[in-house]
Amino acid sequence: MNKYLIAGLGNIGNEYAGTRHNIGFDVVDAFADKHEGLFVQERLGAVAKLRLKGKQVILLKPSTYMNLSGKAVNYWLGKEGIPLENLLIIVDEVALPLNKIRIRPGGSAAGHNGLKSIEESLATTDYPRLRFGIGDTYPKGMQVEYVLGRWTSAEQSIVKFKLVKTVEAVETFILAGISTAMNQFNNLVFSL
């Protein structure tokens with residue numbers, strides 16, 4: 001099967017644009033920009049369809065809000081007939097420092113509401129995900145404000161660089177498989 005669903009998680013609306021929690025949207029936007037994909041508002045999300053070296057790639061930004069992401073992901077997997085191993089979910093991760101990304105073939109939601117929703121909708125934890133480290137440099141009790149906050153000017157340059165590298169990680173996942181992507185990107189420490 002040469003068809004892939006790459007779903008970047010986030011929340012729709014200008015108040016969420018550019019926040020740490022919306023980095024999934026930013027990654028698929030960067031991927032679409034690089035490969036000249038155009039997002040169109042469709043059922044349960046904005047969708048861009050493109051080809052990458054003979055493989056069909058469907059990019060998804062769910063319009064269901066983070067906590068109901070599974071509804072959109074499940075719909076598009078079924079509609080396009082894409083197997084679970086060709087799904088990649090991209091999310092923010094406070095448990096990873098800003099200079100890291102982590103690709104895994106499955107695992108727990110680790111408290112992430114978007115992943116919890118996908119887990120419920122797909123009735124499994126066995127689906128590939130890419131966690132984009134956003135760090136945890138917030139005062140106790142301020143996680144929500146931090147996650148829904150915007151990048152500091154000090155963080156923006158590393159985030160831009162890391163976006164480019166994360167797009168490369170997604171390309172590697174599609175073209176060479178998850179094991180190769182994990183080997184190439186999980187141990188990298190991004191710095192300028």
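## Aromatic pairs

Searching the whole structure turns up six aromatic pairs. Keep in mind that this is a predicted model. A pair of aromatic rings comes down to two numbers, the distance of the centres and the angle of the planes.

Take Y138 and Y146 to begin with. Their ring centres sit 5.0 Å apart with the planes at 40°, so this pair is tilted.

F161 belongs to helix α5 and F190 to the segment after α6 (178-185), so the pair ties together parts that are 29 residues apart in sequence. F161 comes out as partly exposed at 30% relative accessibility, and F190 as buried at 4%.

## How α1 meets α5

Helix α5 (residues 153-176) also packs against helix α1 (residues 23-34), at an angle of about 70° and with the axes 9 Å apart. That angle falls within 65 to 115, which means α1 is roughly perpendicular to α5.

Who makes the contact? On the α1 side it's I23, D26, V27, A30, F31 and K34. On the α5 side it's V159, L163, T166, V167, E168, V170, E171 and I174. Sorted by class, the contact of α1 with α5 has nine nonpolar residues, one polar and four charged.

In soluble globular proteins, nonpolar side chains tend to be buried together. In this model the largest nonpolar core has 35 residues, and the members touching the most others are I6, F31, L59, F132, V170 and I174. Helix α5 supplies the largest share of this core, with eight residues.

Which residues does I6 touch? Leaving out residues up to four places away in sequence, I6 touches V28, V57, I58, L59, L60, L88, I90, V170, F173 and I174. Among these, L59, V170 and I174 are also on the list of core members that touch the most others.

There's a second, separate core too, with 21 residues, including V47, L60, W76 and I89. L60 is worth a look in the viewer: this residue of the second core is also one of those touched by I6.

Note on methods: Residues are numbered from 1 along each chain as its sequence is written. This is a predicted model: local features need pLDDT of at least 70, side-chain atom pairs count only at pLDDT 80 or more; totals for chains, interfaces and linings use all residues. Side-chain values use heavy atoms; hydrogens and water are left out. Axes are lines fitted to C-alpha atoms, for helices over the stretch in contact, and angles run from 0 to 180 degrees between N-to-C directions. Helices (H or I, at least four residues) and strands (E, at least two) are DSSP runs, numbered from the N terminus. Angles under 35 degrees count as roughly parallel, over 145 as roughly antiparallel, 65 to 115 as roughly perpendicular and the rest as oblique. Contact means heavy atoms within 4.5 Å. Ala, Val, Leu, Ile, Met, Phe, Trp, Tyr, Cys and Pro count as nonpolar, Asp, Glu, Lys and Arg as charged, and the others, Gly among them, as polar. A nonpolar core is a set of buried Ala, Val, Leu, Ile, Met, Phe, Trp, Tyr and Cys residues joined through side-chain atoms within 4.5 Å. Buried means under 20% relative accessible area, exposed over 50%, partly exposed in between (1.4 Å probe, protein chains only). Rings of Phe, Tyr and Trp (its six-membered ring) pair if their centres lie within 6.5 Å; planes under 30 degrees apart count as stacked, over 60 as edge-to-face and the rest as tilted.
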